[in-house]
Amino acid sequence: MILKEKTQTISSSAKLDAGIKQEQDVAFYLRRAYKDRDNVMVINDLRIEHDGEVAQIDHLIVYSYGFIVVESKSIRGEVSVNEHGEWSRSYKGQWSGMPSPIKQAELQLKLLKQYLCANTLQVIGKFLGIQQGLGARCYDVFCAISSDAIIDRANATKEVADKLVKSEFIADALDKKMNFIKFYRLVAKTFDTRPSFNSDELMRISGFLLGEPTTQANHPVWPIKTNTDKSLANTNKVNLTSSDLAKPRQPDFSRPVASQQITPQCKHCGNQSALTAHSGRYGYYVQCGSCGGNTALKRPCMDCGSGNTKVSKSRQLFRLICKQCNQQSIFSIRTGNNHRIR
């Protein structure tokens, strides 16, 4: 699943444009390989800040067993790596040294791991119940080189050589590293001791990394347009005692259902316009026409705060229905031509 697309940018520098093109190429191969996978989350252009340090990650893979940083590198000509892990490149017949993109990716991965471990309680809390925590996960890196480059791995160590791939082979290298065991290989699956995340845990961790605003139930916070009818607002007020707060709220199907209006916004860039509605494995969601990011429509009930909600669709009308209190809200989705889907 692609949680954040590669940002479409241009520059006035041919060198920078080549780097952007390389990142777009890698993002394309990742999208083709994992857009329909619910056990592999792809986040492009991720920025991490922790302990006074910043990591700008080209591509992050969050999968069932851990995390993989992919560094994109645009290289024209030939690149060589020696037995010490030192890099050199040729351009128009002239050789020169260059920083190791693998070392760069490893530094990014190290900061990512520190960031996650420092926020373990916030990331996993009681929701996951993971005894091993986040430090025991798999952490790996790859460097994706331009397809037209010539790579000399003859003197490189196997550890470095295995991390260096051309763009079109990045999905093959990732699949091999992630090593999802087929259901029919029961013996191998039995002895696979890697702790794993389930799909809900993957989404929660990915949401944390993307800086997704959350409530206590860890659902996206959406801007809400509520009814301004004072008479209706007064009928919804309930005076609760301390004993009432201790009791679970039961649905009141006898009361009229108030229709609040919800205006979704992109969780990646905050845009509320140019949104298009779609359905997928995780239910209904909107896709942003500005950044290409996807945002689920499901959210907690604004009346009782319960996360036991569902999104339904009738023709072009999307509703959020709370199974706890029977509250119904209508989504107002602004499309690119200013037409609202309701």
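Predicted model: local features only at pLDDT ≥ 70, side-chain atom pairs only at ≥ 80, totals over all residues.

User: Which residues of helix 1 are buried, then?

Analyst: I20, Q22, E23, V26, A27, L30 and Y34 are the buried ones in helix 1. They cover an arc of only 155° around the axis, so they sit on the same side of helix 1. That arc is taken from the directions from the helix axis to the C-beta atoms.

User: Why would residues a few places apart point the same way?

Analyst: An α-helix has 3.6 residues a turn, so residues three or four places apart point the same way.

User: And what covers the buried residues of helix 1?

Analyst: The cover includes strand 1 (2–4), strand 2 (40–50), strand 3 (53–63), strand 4 (66–73), strand 8 (138–145) and helix 6 (170–178). Contact means heavy atoms within 4.5 Å.

User: How many residues does helix 1 have?

Analyst: Helix 1 spans residues 14–34, which is 21 residues, and it reaches 30 Å from first C-alpha to last, close to the 30 Å expected at 1.5 Å a residue. The expected span is 1.5 Å times one less than the number of residues.

User: Let's zoom out. How many helices and strands does the protein chain have?

Analyst: There are ten helices and 20 strands in the protein chain. Both are DSSP runs numbered from the N terminus: helices are H or I with at least four residues, strands are E with at least two. The chain has 342 residues, and 40% of them count as buried.

User: What order do the strands take in the open sheet of six?

Analyst: The order is 1-2-3-4-8-10, and the pairing is mixed. Strand 1 and strand 10 (164–166) are the edges, each pairing on one side only. Two strands pair if DSSP finds at least two bridges between them. Strand 8 and strand 10, for instance, pair in the parallel sense over three bridges, and C143 stands opposite L164 in strand 10.

User: Which strands does helix 2 lie across?

Analyst: Helix 2 lies across strand 2, strand 3, strand 4 and strand 8, and runs at about 145° to strand 4. Axes are lines fitted to C-alpha atoms, for helices over the stretch in contact, and angles run from 0 to 180 degrees between N-to-C directions.

User: Is Q108 buried or exposed?

Analyst: Buried, as Q108 has a relative accessible area of 6%. Q108 is found in helix 2 (residues 101–118). Leaving aside residues up to four places away in sequence, Q108 touches A55, Q56, I57, V69 and E71.

User: New topic: how do strand 16 and strand 17 pair?

Analyst: Strand 16 (residues 309–314) and strand 17 (residues 317–322) are antiparallel, with six bridges. T309 stands opposite C322 in strand 17. Their hairpin has two residues between the strands, and R315 there takes a positive phi near 60°.

How values were computed: Residues numbered from 1 in each chain as written. Heavy atoms only, no water. Buried < 20%, exposed > 50% of the residue type's maximum accessible area, 1.4 Å probe, protein only.
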